Amino acid sequence: MIYKPVSLTESQIGKYVDINGDGIPEGVIFADLAIGADSLWNGTPNTRYRYEKSSKELKEYIVVRTYVHSLNGKQEMLAPILDGEDRFYIMALKDINSKEYYWYMSAFSKKMPDYEETTLEVFGSGKQNTSNMIEKWNSESYGEQNAGLYGLDMGGIIQTQVNDGWFIPSIREWSAFAQNIGITHSNYSYKRLSPWYWSSSQYDEISAWAIDFPANDLLNEGTHTTFSIRLAKTI
């Protein structure tokens with residue numbers, strides 16, 4: 001079978017990616033580093049995200065078939081064929097599970113005095129943010145682990161996936177996903193998305209950023225709040 005090569009100059013946002021060659025995509029593309037971006041989600045001023053067109057030699061891909069999923073309908077499915085720098089940001093096609101998690105329950109009372117250095121809000125920071133968050137959680141830098149009465153901290157339940165390259169998106173990465181996949185208050189449920197998701201971006205000493213699909217906006221909430229978790233990856 002002869003597969004169609006993927007253009008190196010045309011955006012592939014919205015298409016699915018099969019990473020391991022099993023014929024089932026792991027995620028949907030929400031950012032393409034072969035094409036730069038500077039935009040807002042639904043025109044809301046505080047949702048601006050920006051990333052530059054990459055000057056590096058990026059991975060090459062082929063179109064293997066089409067795939068249908070509630071998140072973005074019928075789209076081409078791509079697979080990587082040649083090594084290079086990661087070209088795409090993909091969002092997983094489902095939440096890690098049906099539960100909600102605290103960002104870090106103890107941090108709400110013990111506080112996060114170094115929040116400005118630990119995580120960032122900008123696009124491209126999610127992977128390092130997540131690594132830093134897990135380090136803080138493993139060392140109990142912000143207090144006891146899993147101190148909540150009604151659930152667990154997310155730092156303890158994502159580590160297997162993080163070791164495989166997945167991460168909690170930064171708040172600007174969430175903005176890019178919402179804008180580029182066309183998420184609104186009226187369709188997020190149809191696309192099988194939860195109403196609220198934590199980002200990996202801290203807001204202040206006691207809270208972190210989350211995305212609020214019902215409000216078409218971002219919000220900051222105390223780390224003692226529980227929200228859903230969905231992971232992103234570069235490929």
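Predicted model: local features only at pLDDT ≥ 70, side-chain atom pairs only at ≥ 80, totals over all residues.

The structure holds one cavity of 30 Å³ or more. Rolling a probe the size of a water molecule over the atoms shows where empty space is left.

Which residues line the largest cavity? Its lining is made up of Trp103, Tyr104, Thr118, Met133, Lys136, Trp137, Tyr142, Gly155 and Gln202. Helix 3, spanning residues 126-138, supplies the largest share of this lining, with three residues. Sorted by class, the lining of the largest cavity comprises five nonpolar residues, three polar residues and one charged residue. Because Tyr counts as nonpolar and Gly as polar, Tyr104 and Tyr142, both part of the lining, belong to the nonpolar class, whereas Gly155, also in the lining, belongs to the polar class.

Three strands, in the order 10-11-12, form an open sheet with antiparallel pairing. Strand 10 (196-202) and strand 12 (217-222) each have a single partner strand and stand at the edges, so one side of each is left without a neighbour in the sheet. On average, and with direction ignored, neighbouring strands of this sheet are turned by 35° against each other.

How many bridges join strand 11 to strand 12? Strand 11 (residues 207-212) runs antiparallel to strand 12, and six bridges join the two. As for individual residues, Ile211 has Leu218 in strand 12 as its bridge partner.

Key: Residues numbered from 1 in each chain as written. Heavy atoms only, no water. 1 Å grid on protein atoms, 1.4 Å probe; cavity = no way out; pocket = protein on both sides within 12 Å on 5 of 7 lines; lining within 4 Å. Points joined across faces, edges and corners; volume = space filled by probe spheres on them. Helix = DSSP H or I, 4+ residues; strand = E, 2+ residues; numbered from the N terminus. Pairing = 2+ DSSP bridges. Axes fitted to C-alpha atoms, helices over the stretch in contact; angles between N-to-C directions.
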